Amino acid sequence: GYYMQGWVRSDGVLTGVHTRIEARAIVLKRGSQKIALVAEDLNGIAAGAVKAAAIRLAGRGFSEANIIVSASHTHAAPSGYYTYPTYNTVFMTTSTLTQQNVTGAIDPQLYAFEVRQLVEAITKADNNLGPGSLGWSTTQLTGLTANRSLEAHLRDHGITKAFGTGKVSDDPKGYLDTIDPDVQVLRVDKTGVGPVGMWSTFADHGTVNKFQYGVYNADHHGSATRVVVDQIRALGHVPKGQAVVNSYGNPDACDQSTGLTRSGPAAADYVGQEEAAALTRAWKAAGQHPVRHPPRATRSTSRW
């Protein structure tokens, strides 16, 4: 019954579940220093939610300074949890003239629930501390994303084009300059256990599944996460009882999109598989030169 976040229209209503949306956390510790790296299948993160979670986790050594949360930016998650009314606002359509929420009202129950899930994911990860190692790697993924605001981007080069008339070939630096192709992976391995996950990023808007689909889903990020977690578990021979987490964040994704020419769950799965292949390449490379420090920690996933 929640409106879908990001579409801003009252005929975009969530009526069921296709895939779970999750909060996935990795906690790292060296000496007395900790950091929580979290990715959530939401359209965005309310700063107040992070602050509220940090207060509840203060006894574990966490604060707003060492909790980093990224939203996947899926548009198939609920709205109504922002403390900024404009972000909650939904407008009428011709078929839903009396159902709009133009006040931008917040749902306190949903907001509190999101805080609790964030706390739970970090707590589970913090409880799973153990010696381990880290590795970092970057690769590139091209041919998948495109710039949805190409004319605005071209103005950075002093090129003025009317809306809808810009071409990738107009960019003097070529296609790669119009997107962010970098796939970045921080690999986490646990001593005596094997690979337990990674913190990863790639700029790609979460709009492959459109508002007409009308059910909760994690879009291509969810597909990529499921595939890469299965691959890590198989390649690393991870024990069945150990969780494997891909905390897949979304950095500068605003104008980077695969949803301009692709639509629907099958397309989201295809995009996710392409992303997973790149994530796995970077994950393998990150394991070639690990940095070992005791103790490291990971995991966990909170389902919504």
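How many salt bridges does a search of the whole structure find? The search turns up 10, where a salt bridge is a side-chain nitrogen of Lys or Arg within 4 Å of a carboxyl oxygen of Asp or Glu. Before we look at some of them, a word on what you're seeing: this is a predicted model, in which local features need pLDDT of at least 70 and side-chain atom pairs count only at pLDDT 80 or more, while totals for chains, interfaces and linings use all residues. Residues are numbered from 1 along each chain as its sequence is written, and side-chain values use heavy atoms, with hydrogens and water left out.

Let's start inside. The largest nonpolar core has 33 residues; such a core is a set of buried Ala, Val, Leu, Ile, Met, Phe, Trp, Tyr and Cys residues joined through side-chain atoms within 4.5 Å. Buried means under 20% relative accessible area, exposed means over 50%, and partly exposed is in between (1.4 Å probe, protein chains only). Among the residues with the most contacts inside this core are Ala 36, Phe 62 and Ile 122. The elements giving two or more residues to the core include β1 (22-30), β2 (33-40) and α3 (108-126), and α3 gives the most, with eight residues. Helices (H or I, at least four residues) and strands (E, at least two) are DSSP runs, numbered from the N terminus.

Now zoom in on Phe 62. Leaving aside residues up to four places away in sequence, Phe 62 touches Val 27, Ala 54, Ile 122 and Asp 126, among others, a contact being heavy atoms within 4.5 Å. There is also a second, separate core of 22 residues, which includes Met 198, Tyr 248, Ala 267 and Trp 283.

Asp 126, one of the residues Phe 62 touches, pairs with Arg 60, with their closest N and O atoms 2.8 Å apart. Asp 126 sits in helix α3 and Arg 60 in the loop between α1 and β3, so the pair ties together parts that are 66 residues apart in sequence. Asp 126 counts as buried, at 7% relative accessibility, whereas Arg 60 is partly exposed at 29%.

Another pair is Arg 148 and Asp 255, at 3.0 Å between the closest N and O atoms. These two link distant parts of the chain, 107 residues apart. Arg 148 is partly exposed, with a relative accessible area of 39%, and Asp 255 is partly exposed too, at 25%.
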